[in-house]
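The entries follow in the order in which I looked them up.

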Amino acid sequence: MPNDHKMDWWKDARFGMFIHWGIYSVPAGKYVFNLPNGQYKEDITQGEWIMNRCKIPVAEYRKYAERFNPIKFNAEEWVLSAKAAGQKYIVITAKHHDGFAMFKSETSNYNIYDATPFKRDPLKELAEACRKYGIKLGFYYSQAQDWGHKGGAPNKYHWDKAAQDGSMDAYIDSIAAPQVKELLTNYGDVAVLWWDTPKDMTPTLAQKLDSITKLHPYLITNNRLGGGIRGDLETPEQYIPAAGYPGRNWEVCMTVNDHWGYNAYDDNWKSSKELIRKLIDIASKGGNFLLNVGPTAEGIIPPVCVNTLKEIGDWLKINGEAIYGTTANPFDYISWGRATRKGQKVFIHVFDWPKNGKLNVPFANTVTKAYLLEDTATMLPTKTIGTKVMVTVPKIAPDKVASVLVLEFKGEPNILPKLTEGATAKASSELDTTHGVNKIFSTYPKDFYSAAKDQKETTIELNLGKPLAVAGIMLAEPWRTWENKKQQFTLSYKDGNEWKKITDGTTNGTGHTEMFKEVTTQWLRLQLTNDTDPPRLNQLLLYRPD
Ligand code: H79
């Protein structure tokens, strides 16, 4: 196969820039509703969804295009910001759900070249700048939802029926398919096509778009085309999957504040420290991080973001070896940091520096060298104690965000089996055979256990096969962040004939990881309650004491 290696650059890259830019940056998150009594009401919480959320008619929304003149846009500056952040690729919205094309399109004049005073093609300029600086470029394209063209799905939610209702077949044939062709032929090598929200997408419709991308064997596509097409990437949005997706390529997309498109009223910025730790967490589970910026209507990336990106890049300049081209943590979860691997090196990213100057790493191999990435010339003393390596480290953390320790080792990683390896499970109810309780031991992202229909509670009993020391639990859950699901859980262990509580709490619908005081037990019980749905779990993992 010519494209066997098409994922190689992507796996090495680990970190990319997502850009949500469109005419929604003109209202910048705010919409004013005129009330019948001459008063008005403001909504300042919007982003790229403003047209839909505020039910703006197509003709009115189009006026934002007339005011869109981003004369401060400089493709090279954007690309240099990505470079300074240590990002290796950019994915930009070529067309979001509003239907407005941010490129010169022959297919529809609802585009930045024909419908704005700007009269430039920013994607062309970006493609040139990316080529110049060695950054890969990908396009986000909303293939099904399109509120600006007739037939863009889904008809049942249209609010400007005269302008929006129509045949989705005709829309795919006359808008989506030709625009995707334009994007894949007019901009040089396109690295990624990032589909989104496959509403009403049938296999037949998806096929029309898939057959276009198939003409580009090196093009990477995500899993959001719909119609049963799997694509190359899983795409968890706004959260880090608790256990990653072993065996799949996956990419977390996330905003720096709480909006994708520019919102002038949102100052809830994540710090560079939070984002660096997220990047490390993602890399330790084998995924990529696509971090979003929402440029303004003038064409600039918010200065807060530029600054934060630079700080992330400064950390990567020293520690990039522990991120780029690495693979997932080969051993158990460690609560005080994360780990990545590259060949015969294991990188330990320490979040909580040990006060006693001793780091105990759960790694049973012979370690030939130990040193910090900050200071590769100073070798640190190590000592193997049972299944752990104790490393003597400086008293003070070299880096406040994450200090990276390198362990060079011999042989294949000598990994202890998962605590659940010999375990069996029983549940008080199961939805059906494809959602049986054994699915909690599967790492396949689509697998999940579900309690029977109409159940709001379930009890799962685990038999570990023999008494084992347990000090942590990971629950992976199947919902999306915007569904705002949660489940209450209580974890207990059997002591003699009595169940004793270890911990309880509430999850966030995507997953939960928690360490606790170790217990040695053969029997565990997880009780789950869910106010809105039958309780569900993708996966359950148990962790040994640190
Ligand atoms: O492009 C970004 C989002 O616009 C898009 N995917 C990312 C990458 C996305 N489209 N739909 N969704 C995500 C899920 C639906 C979220 C919704 Fe909402 C919750 C739609 C209405 C309520 C989020 C919050 C969008 C508007 C308000």
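**Second largest pocket**

I first noted which elements build the lining of the second largest pocket: helix H1 (8-13), strand E9 (249-255), helix H10 (272-284), strand E11 (337-342) and strand E25 (539-543) each supply at least two residues. Helices (H or I, at least four residues) and strands (E, at least two) are DSSP runs, numbered from the N terminus. E25 gives the most to this lining, with 4 residues.

The model is predicted, with pLDDT of at least 70 needed for local features and 80 or more for side-chain atom pairs, while totals for chains, interfaces and linings use all residues. Residues are numbered from 1 along each chain as its sequence is written, and side-chain values use heavy atoms, without hydrogens and water.

I recorded a volume of about 940 Å³ for the second largest pocket. On a 1 Å grid over the protein atoms alone, a pocket is an open set of points with protein on both sides within 12 Å along at least five of seven lines, a cavity is a set where a 1.4 Å probe fits but cannot get out, and lining residues have an atom within 4 Å of a point. Points are joined across faces, edges and corners, and a volume is the space filled by probe spheres set on them.

Of the 44 lining residues of the second largest pocket, Ser284, Ala328, Asn329, Pro330 and Phe331 lie nearest its centre.

**H10 against H11**

I then turned to H10 and helix H11 (residues 303-319), whose axes come within 9 Å and cross at roughly 50°. Axes are lines fitted to C-alpha atoms, for helices over the stretch in contact, with angles from 0 to 180 degrees between N-to-C directions.

Ser272, Leu275, Ile276, Leu279 and Ile280 of H10 meet Thr308, Glu311, Ile312, Trp315 and Leu316 of H11 (contact means heavy atoms within 4.5 Å). The residues of this contact comprise 7 nonpolar, 2 polar and 1 charged.

**Cavities**

I searched the whole structure and found 2 cavities of 30 Å³ or more. The largest cavity holds about 70 Å³; among its 14 lining residues, Asn257, His259, Trp260, Trp269 and Gly294 are closest to its centre. Its lining has 7 nonpolar, 7 polar and no charged residues.

Technical notes: Ala, Val, Leu, Ile, Met, Phe, Trp, Tyr, Cys and Pro count as nonpolar, Asp, Glu, Lys and Arg as charged, and the others, Gly among them, as polar.
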